[in-house]
Every structure is written in structure tokens, then in C-alpha cells.
Amino acid sequence: HRSIQVVFQRSWQLLSAEEQQVFQRLSIFRGGFDRAAAVHVAGASLPALAALVDKSLLRWRPNGRYEIHELLRQYAEEQLAQSAAELSQTRERHSVYFANFLGDQRYDLTTQQRTALAKTQSEIDNIRAAWQWAVAQGRLETIERAAMSFFAFCQGQSRYLEGVDALNAAVRSLTHLPPSPQRDRTLAELLTGRGWLELRLGRVGEAEDALHRARDYYAAWGLAPDPIMGSDPLAALPIVAVVRGDYSAAAQQGETAWAAAAGRNDPANLALAGYGLTSAAIAQGDFASALRHAQETLALTKTVGNRWFMAYVYNHLGEVTQLIGDHAAAQEYYQASYTIREEFDDPEGMAVALIHLAELARMDGDDAQAAAQYQQSLTLYQGLGDAGGLVRALSGLGAVAHRL
């Protein structure tokens, strides 16, 4: 270790003052960075970056990203930490930069998801570090800029536990600030996102509590959610009611959410409200209404351009057509859902579609196919820690084994 420190110290002394300053600031990045980020966060000129590459302190990749070997990064970070003010300022610039990076994708993450998810994934280590700094410092504007995008990314990539923990930490941080429309809107968005993710994890009580709190924060100032899919807690509450088995309440809450979104001309959350109404109608055995709601929801989803959510609508259409006896149509809808989720590398969505396909195969007497699909879904749900999904997969496997 001492020998390595001596080598680093020698290399450090050979750098110009500008190169030293840039290199120590670059140590704030995690998982690499591109030139634009280096300029904004570290004040790095192209000649300085080129000089650091020539001296083997940075590696440049053909995709345009720079990387620092972890040992070099740690040494540079030690140099940066010698000035508490410089370290704090660099972290602040880094946090704001990546909050803006997320904020710029606020709509793309629910419309152009594949591109936006891949772009976000490439910076996930930087995003985590930026989020943690903003939360630790109670930076309302920074958290506000990033909140909905961070939630959408975690949902789209099935990072439910990570998302819940990150959003919870932000809620705790902002709760200590004085009430204001800006603070409470941000808290409402954080809690709505947390409610959706808690529901994914089967924690229904926690989901309902978060969504009610989000609704109250919006109502306290007469605020309306932004027209982004997933921003309205009213659209999530019908799903919670369905999971609880209170189907009449789900229908009523779905109508309320539908009217609110329609009044705001918000097709994204209108689609979610339609999804809730479809769920309630299926649960109540009203298949005609369910089919109508599902078709309306599909049309809205296509208008919004949310292909990821379209997979859920296809599942609903599959359920309805299965219940009315059209198994061929149901299989097409379920397979379409699976194909979309596979495109997104979304294990939760893939598992849901597999469960539906397995149940259809079991109904049609193809026990071998059903067992294979239940087993695939079980493996996916085990990786996700989804209690509700595990119940369905295990129950299906048990039913197939019993019949065999």
C-alpha cells in the first residue's frame, strides 16, 4: 500500500496545477462520465482531459465516456477532501448536474422508455451518489427536479426496494423543511412513487398510507399532479382497493380518478384510471364493462406513447378474453405483453405475463407447458422479492403437481 501511495504521489507531483485541480474534482464521479459532465462538474477543458489520458490517469472509451481506475479515483478523492469547501462545492455541482440529467428525461421515461431507461442506466452510479448528497443536504430543488424520473426509472427496471429506500430517505429529509407549495408538491410526488413501488412489493398497507399522504399534500394547496403517468395518487388507489378485495370501492375510486384526470386533460393518468376501472370490473364479473374500459385504456396508452404500460393493458385484455372463453385471443395478448417486457428487460412484467400464460396453458390441459412457465415466473419473482407474485407462482406449481 505504501509503495502504491508513493507511485501515486509521484504522478500527482508531475501534474500541472490545472490538471491536479481537474483530476481531483473528477474523482467525484462514479462509474465514469462524459465530456459534458466533466466540463460542468469539474471545469475540465478538453486539453486537460487529453493530458490526463496521455498520462494514463484517465481512460477514454470509444463510446465517449471517460473512466478512472478505482485506486486512482480514491487517491484523487483524498486530495479533494483536503479542502472541505472544495469537496462540498464539487459534490453540489455533481448532484445538481445529475438531477438535471434526470429532470430532462421526466417525460421520456414514460413515453420513450427504452432509450431513456438505457441512458439513465448508463449513469446510475452517478445518479445514486447525486441523490444521496441532495437528500443528506435537504436540497429541495434538486430532489424536486429528479423525483419523478428516479421513480419512473426504478419502476421501469423493477428496482422496487432501491426505489422505496431512496424515496423514503428523501421524504424524511424534506419533512423537516417548512411547509410550502414547492415542498409539498415534491413530497406528494415522492410519496406517490413510493406508493406504486410498495404495491409492487405486496406491501399494501404501506402503499395505501403513502398514497393517502400524497393526496393530502396535493389537496392542502389545491395542487394538481403533473400530466405524467404515475404522478396522481388517485389513479393508484383503485388498484390498492382491488388488491384488498374491496371491488365496489375500487370502482368508485376509479371513477373519481377518471373524472379528475379528464378535468385536467391528462391522458397519461386517465389511462391509469382506466386501468383501475378495468381491474374493478373484472373482479366484479362485469366483463362487458371490463372490455370497454380496457379498449379505452389501450387507446389512451397508444396516444401517450407509453409502450411499457401497454403490456399491462394487454394483460387486462388477455384476462377479459380468457374469461369470455376466447383463449386464442387471450394467448396473443399475454404473449404481446411478455414480448414488450422482454424488450425492456423488465423481470416483473415478464413474470406477470408468464403467470397468465401458465394459467391459460393449465386451463387448456397443457400441464408441462404450464409447469415450465410457472417455474420461470417463480425464478423471476424470487429475484424480485415480490410476495404476491411468489404466491401465484407457487400456487400454480402446486396445482399442476397435484393434477399430475
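Contact, in these notes, means heavy atoms within 4.5 Å.

**Ground rules.** I'm looking at a predicted model, where local features need pLDDT of at least 70, side-chain atom pairs count only at pLDDT 80 or more, and totals for chains, interfaces and linings use all residues. Residues are numbered from 1 along each chain as its sequence is written, and side-chain values use heavy atoms, with hydrogens and water left out.

**Leu190.** I looked up its partners, skipping neighbours within four places in sequence: they are Trp131, Ile143, Ala147, Leu167, Ala170, Val171 and Leu174.

**Cores.** A nonpolar core is a set of buried Ala, Val, Leu, Ile, Met, Phe, Trp, Tyr and Cys residues joined through side-chain atoms within 4.5 Å; buried is under 20% relative accessible area (1.4 Å probe, protein chains only). The largest one has 99 residues, and Leu190 and Trp131 are among those with the most contacts inside it. Helix 9 (residues 140-156) gives the largest share of this core, 10 residues. Helices here are DSSP runs of H or I, at least four residues, numbered from the N terminus.

**Helix 15.** I found 17 residues in it, 267-283, reaching 24 Å from first C-alpha to last, close to the 24 Å expected at 1.5 Å a residue (that is 1.5 Å times one less than the number of residues). Of the 17 residues, 15 are buried, so helix 15 is largely enclosed by the rest of the structure. Gly285 follows helix 15, with a positive phi near 80°.

**Its partner.** I checked helix 13 (residues 233-244) next: it packs with helix 15 at about 20°, axes 8 Å apart. The two are therefore roughly parallel (angles under 35 degrees, taken between N-to-C directions of lines fitted to C-alpha atoms over the stretch in contact). Pro238 and Ile239 of helix 13 are among the contact residues, as are Leu272 and Tyr275 of helix 15.

Methods: Buried < 20%, exposed > 50% of the residue type's maximum accessible area, 1.4 Å probe, protein only. Axes fitted to C-alpha atoms, helices over the stretch in contact; angles between N-to-C directions. Parallel < 35°, antiparallel > 145°, perpendicular 65-115°, else oblique.
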